[in-house]
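Good morning, and thank you for making the time.

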Amino acid sequence: MKFGDKILKVQTTEQAIVGQKTLLVVDDEPDNFDVIDILLFKEGYQLYHVQSGQAALEFLNRQLPDVIILDVMMSEMDGLQVCKILKANPQWRHIPILIVTALVAKEDLARCLDAGADDFLSKPVNGLELRARVNSMLRIKQQYDAIQLALKLKEDMTSAIIHDLRNPMTNIQLACDLLAAANLPDKPRKKVAQIATAIQRLRSLVDDILIVARIEAGKLSLNLSEVDLADMGAQVLADFEEIATDKRIQLVGNLPETGTCLQLDANLVRRTIDNLLANAIKFSPPASQIKLQVDYPKFGACQARIAVFDAGPGVSEAKRQVIFERYEVGTPIGGVPQIGLGLSFCKMVAEAHGGCIFVESNQPVGSIFTVELGTIDPATQANVNFRSC
C-alpha cells in the first residue's frame, strides 16, 4: 500500500460486485485511513483515499462516490472548508458527508453541521458506530438516487407526451388555416376562429409543461438578450386587444419610455406577461378595466417590476399562499376553473431571473399580480445592469 499525493484505491472484496458502494476517505494521516479500512473490511465497500482537500476536489471531477468520510483537522484546507465547497457545488452537494472529528464541544459539532455535514463521528472511531453511520449515509444516497430516477422517468414521459401532442395540434392548425381562407358564412367562420384560438392556447400549455419540466430538472438555461420591457408590454397589449374587446374589457398600459434594456430571457418573460394578462381577462367581468404596469424602481431589491391590475373577484388571503403552486385549484368562478400551470410557470420564471411573484388586493375590487425581476443574473451571478438599447 503506497501513500503520497496519489489516490489510493483499496479493494476489500471482489470488484465485480453489482451495486458495490464507493467511499472516499479524505484524511492527511495514512494511519487514520488504515483504521477505517480495517473497520469496514467486511462490508464490501470500495474505498478510495486522498490526503488533502484539493485532492478530494480533483477526485470528484473524475468520479462521484456514494459517501465521503471527511477528517476535520487537515493542513492547508481543513475539513470544514472542504465541506462548504462540496455543498456549494450543485454537482456534489447530494453526496452525503460524514465528518470525523476529535472535537467534542457542542459548538464545534454545530460548526460541522453548519458547514453542511450530514452527520459526524467522534474520534477515536468506534467500528460499530462507523458502520451504522455509513449505512445511514448510504440510505440517504439511495433515496436521492431513487428520486433522481423518478424525475428522469417523469421527464422522459413528459417529452414523449408533448412530442405526440404536437403532430395532431399542427394538423388541426393547418385545417383551421385552410378553413379560414375559404369563403365561409359568418357563424362557421367564428367557430373556426375559436378552434384556432383554442389550439394556440393548447400549444402554449404544452410549451409551459415542457419548460416547467426543464426548470424542475435543472436543465433550463436562460437565453439572455437585451429586452426593453416597455416595448414588450406594448406588444402584449396589442396582441390581447381583440380578445379583451370581445369581453368588453378595456386594456390600459402604464409603461415607461422605451430605450431601457435588461438582460432577460425574452421568450420566458413574454410568456409570463401573457399568462398574467390572459388570467386577468379570464376572470374580469365585462365592462371592467385591466392595467399592465411596468416600472424600474430607483430604490429597492428589484431591477424591474411588472404588475397586472384586474377587477375580478380577487384572491383570498389563504389562497395567496398556495395559488402559485402547480395544479392548485381555486374556487370556480362563472364556471371557469382555476387550475393549471400558468401561475406556477410565472413563479418559476421569476425565480429563474432572481426575482419573485406575489398577489395583493386591488382596491376597491380585484387583484394585483406583481412580478419582480431581481438584481442577480442566475447564469453569471453578476449584477443585471440597465443600459440603453
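**An exposed alanine and the rest of the chain**

I begin with Ala287, which counts as exposed, at 61% relative accessibility; exposed means over 50% relative accessible area, buried under 20%, and partly exposed in between, with a 1.4 Å probe and protein chains only. Ala287 sits in the loop between H8 and S10, and its phi is positive, about 65°, although it is not a glycine. Helices (H or I, at least four residues) and strands (E, at least two) are DSSP runs, numbered from the N terminus.

Before going further, a word on the basis of these values. This is a predicted model, in which local features need pLDDT of at least 70 and side-chain atom pairs count only at pLDDT 80 or more, while totals for chains, interfaces and linings use all residues. Residues are numbered from 1 along each chain as its sequence is written, and side-chain values use heavy atoms, with hydrogens and water left out.

Glu76 also has a positive phi, near 65°, and is a residue other than glycine. Glu76 lies in the loop between strand S4 (67-71) and helix H3 (79-88). With a relative accessibility of 78%, Glu76 counts as exposed.

The bond that joins Lys123 and Pro124 is cis, with omega about -5°, and Pro124 is in the loop between strand S6 (119-122) and H5. Gln363 and Pro364 are likewise joined by a cis peptide bond, with omega about 5°; Pro364 is in the loop between S12 and S13.

Turning to the whole chain, the secondary structure comprises ten helices and 14 strands. Of the 389 residues in the protein chain, 40% are buried. The accessible surface comes to about 21100 Å², and carbon and sulfur atoms account for 54% of that; accessible areas come from the Shrake-Rupley method with a 1.4 Å probe, and for residues only the protein chains shown count as cover. Among contacts between residues at least 6 apart in sequence, 68% join residues at least 24 apart, where contact means heavy atoms within 4.5 Å.

Beyond its neighbours within four places in sequence, Leu229 is in contact with residues including Leu262, Val294, Ile306 and Leu373.

Seven of its eight residues are buried, so S11 is largely enclosed by the rest of the structure. S10 and S11 run antiparallel and are joined by five bridges, and Asp295 has Arg305 in S11 as its bridge partner. S11 also pairs with S13 in the antiparallel sense, over seven bridges; there, Phe309 has Ile368 in S13 as its bridge partner. Two strands pair if DSSP finds at least two bridges between them.

How many aromatic pairs does the structure hold? There are two, counting rings of Phe, Tyr and Trp (its six-membered ring) with centres within 6.5 Å; planes under 30 degrees apart count as stacked, over 60 as edge-to-face and the rest as tilted. Tyr48 and Phe59 have ring centres 5.2 Å apart and planes at 55°, so this pair is tilted. Tyr48 is in strand S3 (residues 46-50) and Phe59 in helix H2 (residues 53-60), eleven residues apart, and both are buried. For Phe324 and Phe369, the ring centres are 6.2 Å apart and the planes at 80°, so the pair is edge-to-face. Phe324 is in the loop between helix H9 (317-320) and H10, while Phe369 is in strand S13, 45 residues apart; both Phe324 and Phe369 are buried.

Finally, Lys291 lies over the face of Phe309, at 4.4 Å from the ring centre; the criterion is NZ of Lys or CZ of Arg within 6 Å of the ring centre and within 35 degrees of the ring normal.
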